[in-house]
Amino acid sequence: QVQLVESGGGLVQPGGSLRVSCVASGPILSINDMGWYRQAPGKQRELVATITSGGRTNYADSVKGRFTISRDNAKNTVYLQMDSLKPEDTAVYFCKGGIKTTTWVLMDYWGKGTLVTVSS
């Protein structure tokens, strides 16, 4: 089975930085778009950033200029570098990947999330 596993979350002070990672594993043939989403307590899940297999990126307005998404296709890994963090960035961060398996089926897979807390 395909699995996406996030890591790198934790507690950081306002203004600080953190990098989260997500590794995809399993019977993977190819990976299309990958992305990061987040869900704060009591709120709906929202898009943070996406990146295509060719490296084209898209960001939510709330994180533009502060967050950077990147990927390493050889490692099936996507990263999210978060700088100038604010308390309102506190959320569980989820990774999503559009993955084609060795059975030639393309579908979206989600990780279980990693908690990022921005607080002094």
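This is a predicted model: local features need pLDDT of at least 70, side-chain atom pairs count only at pLDDT 80 or more; totals for chains, interfaces and linings use all residues.
## The largest pocket

The lining is made up of Arg38, Gln39, Ala40, Lys43, Gln44 and Glu46, together with Pro87, Glu88, Thr90 and Ala91.

Next comes an open sheet of four strands, paired antiparallel in the order 1-3-8-7. Strand 1 (3-7) and strand 7 (67-72) each have a single partner strand, so these edge strands are left with one side that lacks a neighbour in the sheet. On average, neighbouring strands of this sheet are turned by 15° against each other, direction ignored.

Inside that order, strand 3 and strand 8 (residues 77-82) run antiparallel and are joined by six bridges.

## The disulfide

How many disulfides does the model contain? The count comes to one, and this disulfide joins cysteine 22 to cysteine 95, with an S to S distance of 2.2 Å. The pair links distant parts of the chain, 73 residues apart: cysteine 22 lies in strand 3 (residues 18-25) and cysteine 95 in strand 9 (residues 91-101).

Are cysteine 22 and cysteine 95 buried or exposed? Both of these cysteines are buried. The link between cysteine 22 and cysteine 95 is left-handed, with -75° about the S-S bond.

Conventions
Residues are numbered from 1 along each chain as its sequence is written. Side-chain values use heavy atoms; hydrogens and water are left out. A disulfide is a pair of cysteine sulfur atoms within 2.5 Å. Helices (H or I, at least four residues) and strands (E, at least two) are DSSP runs, numbered from the N terminus. Buried means under 20% relative accessible area, exposed over 50%, partly exposed in between (1.4 Å probe, protein chains only). On a 1 Å grid over the protein atoms alone, a cavity is a set of points where a 1.4 Å probe fits but cannot get out, and a pocket is an open set with protein on both sides within 12 Å along at least five of seven lines; lining residues have an atom within 4 Å of a point. Two strands pair if DSSP finds at least two bridges between them. Axes are lines fitted to C-alpha atoms, for helices over the stretch in contact, and angles run from 0 to 180 degrees between N-to-C directions.
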